[in-house]
Amino acid sequence: MISMIMILNQKGEIMISRQYRDDVSRVAADSFRIQVIAAKEASSQPPIKRIENCSFIYTRHLNMYFVALTKSNVNPALVFEYLFQKIRVLQAYLGDEFDENSMRNNMTLIYELMDETMDFGYPQNCAVDVLRLYINLGNVKPQDEPEPQQLTKQITGAIDWRREGIRYKKNEVYIDVLESVNLLISSAGSILRSEVTGRVQMNTKLTGMPECKFGLNDKLVIEKETTSGRKKPGVEIDDCTFHRCVRLGKFDADRTITFIPPDGEFELMRYRVNDNVNLPFRLIPAVQEEGQTKCSINLKVIANFSEKLFATHVVIKVPVPKNTSKSKIKNSFGRAKYEPEQNSIVWRIKRFPGKAECMLSADLELVRTVRPKAWTRPPINVEFQVPMFTASGVHVRFLRVYDKAGYHTNRWVRYITKAGGYQNKI
């Protein structure tokens with residue numbers, strides 16, 4: 001596994017290092033400094049470098065390099081995840097924008113964190129909430145500090161993301177389903193690529209150690225639960241990744257999402273949907289070039305979502321030729337303006353009602369060029385945000401909370417769909 005962890009500054013000087021195995025030495029840092037930092041390869045080359053039979057896996061935070069050294073055939077994804085978790089832990093202790101000076105002023109704390117988060121080259125406990133219980137660098141101990149036996153159980157147990165003894169007057173769960181729509185349409189109107197990437201964010205304020213059961217309208221689950229001939233519509237959900245609190249064995253067996261949630265905010269899962277994507281907007285562009293001096297653009301935008309909903313922060317960027325000198329723009333609502341620095345007409349609409357249609361027409365005057373060059377016609381880019389709408393059709397079916405106390409839980413669900421790469425060729 002990992003033989004050594006180093007933190008270097010932008011000059012290549014070692015600020016902090018911790019050796020977990022004796023098959024590498026600090027001399028290896030000179031090779032990394034010369035061949036990566038001095039050669040300025042960090043920004044242009046992959047973050048894995050093989051030097052003298054030793055693998056250097058690194059990432060950056062501000063002007064510092066977090067480097068892992070190993071001579072064994074390790075899983076690079078695991079090493080990168082540990083480095084990212086290491087940075088996250090330091091941000092929790094030193095602040096989000098911790099720098100070289102704050103690192104040097106907290107050497108004792110950092111060495112203690114290095115010993116607790118890795119043992120003999122194997123990553124260990126990286127949960128910030130648990131680390132704070134017993135690594136506080138001499139600060140005043142919290143009043144609800146657990147007993148030594150309870151602390152040992154939490155450190156070595158299977159549930160290190162939640163401590164016991166949590167109490168709330170009101171037990172509430174907030175669920176956010178956040179989706180990003182990626183679309184590419186050809187100039188003929190056919191869909192070249194469409195997919196939805198989504199994530200489920202949760203904020204739990206629950207007493208004790210409850211077990212939660214979470215359900216989406218997953219097509220496989222609905223087909224299993226349907227006994228009658230009438231089938232309920234479901235969504236084919238692909239590429240699911242979960243927070244480590246989810247019991248993957250149960251999900252693999254019957255697609256049920258069961259977990260003991262962390263306290264506060266966390267990301268429960270990510271997913272992807274490729275089929276039957278409900279596109280929020282439909283664009284119908286028409287471009288006509290009249291010789292080398294004139295060009296006309298007409299664009300019709302149709303909102304496909306329900307008339308009870310509305311889109312906010314809609315920005316439509318319509319590309320124009322680089323040699324555009326003047327523009328005459330007419331639009332049904334919103335504000336449209338030619339912005340030369342972006343080589344496009346930027347159309348901003350604060351509130352776009354569902355099922356509405358709007359038009360934009362622009363007459364452009366072009367400057368003659370000495371060497372005429374055909375306009376490449378970049379695609380139209382659209383930015384938007386539609387509350388209480390999911391392009392994939394995913395929705396939360398249920399969230400059940402089981403606890404010994406049997407208390408009542410209030411549940412709040414919110415849906416938001418945003419544009420990822422939403423483009424239409426012209």
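Glu 339 and Arg 348 form a salt bridge in this predicted model, with their closest N and O atoms 3.1 Å apart. A salt bridge here is a side-chain nitrogen of Lys or Arg within 4 Å of a carboxyl oxygen of Asp or Glu. Glu 339 counts as buried, at 10% relative accessibility, whereas Arg 348 is partly exposed, with a relative accessible area of 41%. Buried means under 20% relative accessible area, exposed means over 50%, and partly exposed lies in between (1.4 Å probe, protein chains only).

Because the model is predicted, local features need pLDDT of at least 70 and side-chain atom pairs count only at pLDDT 80 or more, while totals for chains, interfaces and linings use all residues. Residues are numbered from 1 along each chain as its sequence is written, and side-chain values use heavy atoms, with hydrogens and water left out.

**Salt bridges**

Side chains of opposite charge can pair when their charged atoms come close. A search of the whole structure finds 13 salt bridges.

| Pair | Closest N to O |
|---|---|
| Asp 218 and Arg 255 | 2.7 Å |
| Glu 339 and Arg 348 | 3.1 Å |

Helices (H or I, at least four residues) and strands (E, at least two) are DSSP runs, numbered from the N terminus. Asp 218 is buried, at 6% relative accessibility.

Arg 377 is partly exposed at 26% relative accessibility, and Glu 289 is partly exposed at 38%.

**Helices and their buried residues**

In helix α1 (residues 28-37), the buried residues include Ala 28, Ala 29, Ser 31, Phe 32, Val 36 and Ile 37. Seen down the axis of α1, its buried residues fall within an arc of 165°, so they line one face of the helix. The arc is that of the directions from the helix axis to the C-beta atoms. These buried residues of α1 pack against β1 (4-8), β2 (14-19), β3 (48-51), β4 (54-61) and β5 (64-70); contact means heavy atoms within 4.5 Å.

Helix α4 (residues 107-117) has Leu 109, Ile 110, Leu 113, Met 114 and Thr 117 as its buried residues. They cover an arc of only 135° around the axis, which puts them on the same side of α4.

Leu 366 lies in strand β20 and counts as buried, at 12% relative accessibility. The C-alpha atoms of Leu 366 and Gln 292 are separated by 6.8 Å, although the two residues are 74 residues apart along the chain. Leaving aside neighbours within four places in sequence, the contacts of Leu 366 include Gln 292, Thr 293, Pro 321 and Asn 323.

Asp 239 is found in strand β11 (residues 238-242) and is partly exposed, with a relative accessible area of 48%. Not counting residues up to four places away in sequence, Asp 239 touches Arg 270, Tyr 271 and Arg 272.

**Pockets**

Rolling a probe the size of a water molecule over the atoms shows where empty space is left. On a 1 Å grid over the protein atoms alone, with a 1.4 Å probe, a pocket is an open set of points with protein on both sides within 12 Å along at least five of seven lines, and lining residues have an atom within 4 Å of a point. Grid points are joined across faces, edges and corners, and a volume is the space filled by probe spheres set on the points.

The largest pocket has a volume of about 740 Å³. It is lined by 22 residues, of which Gln 85, Arg 88, Cys 126, His 243 and Arg 244 lie nearest its centre. Helix α2 gives the most to this lining, with 6 residues.

The second largest pocket has a volume of about 560 Å³. Among its 25 lining residues, Pro 321, Lys 322, Asn 323, Ala 374 and Trp 375 are the closest to its centre.
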